[in-house]
Amino acid sequence: MKYYIILLLALFAAGCAGEYDGSYDYGQVEEMVDTHAVAGSGEAAYDEVDSSAGKKMVREGTMEMRSADVHAVKDYVDSQLKKYGGYYSAVNFGDIDGFYVPEVYRLEVKVPSAAFDDFLSAIGRSGGSIEKVSIKAVDVTDRYIDYEIRIASQKSYLERYRQLLSRSGTIKEVMEVQERIRLLETEIESTEARFRELAGRIQYSTLSITIRPTASSVDWAPGFLQKSQRALQWGWEFVKGFVIALLYLWPLLVLAALAGGIVLYYRRKKRREQVSGS
């Protein structure tokens with residue numbers, strides 16, 4: 001029993017060697033931990049996703065519009081978001097690259113992917129003039145399936161280690177198995193977090209909408225005061241960056257100061273010797 005535990009832990013440690021990066025190769029301990037059950041759970045997860053879920057797509061896009069009444073278009077977007085079950089992830093009004101620009105909306109919306117096409121069509125009927133639309137769809141089916149299989153496999157291994165813990169003998173063996181369980185639980189949490197993030201992007205598509213007025217104010221350019229303000233901001237950022245760069249270079253500055261002091265010392269010493277010799 002003791003030899004069994006030590007061999008299992010050695011193989012597990014070999015798989016975890018190096019810097020922990022949130023992944024683990026379970027192939028090295030397959031012969032020790034009921035490989036048939038683990039492989040079966042992964043294959044079942046793959047078959048389930050492949051047969052019933054279909055392709056997993058992440059859809060993102062941008063839309064630029066002009067309207068004589070940007071607020072009316074914004075209100076229309078509000079109503080369509082409510083109708084299709086979406087929400088705002090970001091709302092910005094009157095700001096472009098740090099400058100205040102009146103009557104310009106920049107919106108980022110999340111819409112259920114099943115209703116994304118209908119939402120796009122509805123926005124086209126908002127009364128505004130659509131100048132540009134760009135939609136991108138990325139197939140993430142392989143990543144989705146990989147996460148599901150990986151989580152199922154990790155949980156299967158975790159269960160085997162918990163069973164092994166109940167059969168451990170010495171305190172040292174118990175502590176070693178508990179540490180491996182802790183690492184595996186941490187890895188499962190990390191994998192599940194990435195899986196949830198991906199699932200959320202699949203479930204809700206993202207659209208960035210810019211609404212500008214049709215009036216000449218949309219072609220606004222910064223005036224003297226705005227340019228002066230930005231110049232002062234950039235100048236201050238440059239000063240801060242320069243000071244930080246000097247702080248990074250402080251060892252070289254110290255060495256340069258020491259070298260300069262030594263050179264100056266010997267020059268003065270040589271000059272005094274010349275004066276005293278004459």
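Predicted model: local features only at pLDDT ≥ 70, side-chain atom pairs only at ≥ 80, totals over all residues.
Next I looked at α3 itself. Helix α3 covers residues 70–84, and its 15 residues should span 21 Å at 1.5 Å a residue; I found the end C-alpha atoms 21 Å apart, so the two agree. I then listed its buried residues: V70, V73, K74, V77, Q80, L81 and Y84. They sit on the same side of α3, because they cover an arc of only 120 degrees around the axis. On the face turned away from that buried side I found the exposed residues K82 and K83. At the N-terminal end I noted D69 as a cap, with a side-chain oxygen 3.2 Å from the backbone nitrogen of H71.

Then I moved to the largest nonpolar core, which has 20 residues; V77, V109, V111, F119, L207, I209 and I211 touch the most other members. I saw that β1, α3, β3, α4 and β5 each give two or more residues to this core. I picked out I209 and, leaving aside neighbours within four places in sequence, listed its contacts: M63, M65, V77, Y105, R106, L107 and V109.

Y84 and F119 have ring centres 6.4 Å apart and planes at 85 degrees, so I logged the pair as edge-to-face. This pair links helix α3 to helix α4, with Y84 and F119 35 residues apart. Y84 counts as buried at 18% relative accessibility, and F119 is buried at 0%. I also noted a cluster of Y144, Y147 and F195, linked by ring pairs.

Key: Residues numbered from 1 in each chain as written. Heavy atoms only, no water. Helix = DSSP H or I, 4+ residues; strand = E, 2+ residues; numbered from the N terminus. Expected span 1.5 Å × (residues − 1). Buried < 20%, exposed > 50% of the residue type's maximum accessible area, 1.4 Å probe, protein only. Arc of directions from axis to C-beta. Polar contact = N/O pair within 3.5 Å; in protein donor to acceptor, adjacent residues only side chain to side chain. Core = buried A, V, L, I, M, F, W, Y, C linked by side-chain atoms within 4.5 Å. Contact = heavy atoms within 4.5 Å. Phe/Tyr/Trp six-rings, centres within 6.5 Å; stacked < 30°, edge-to-face > 60°.
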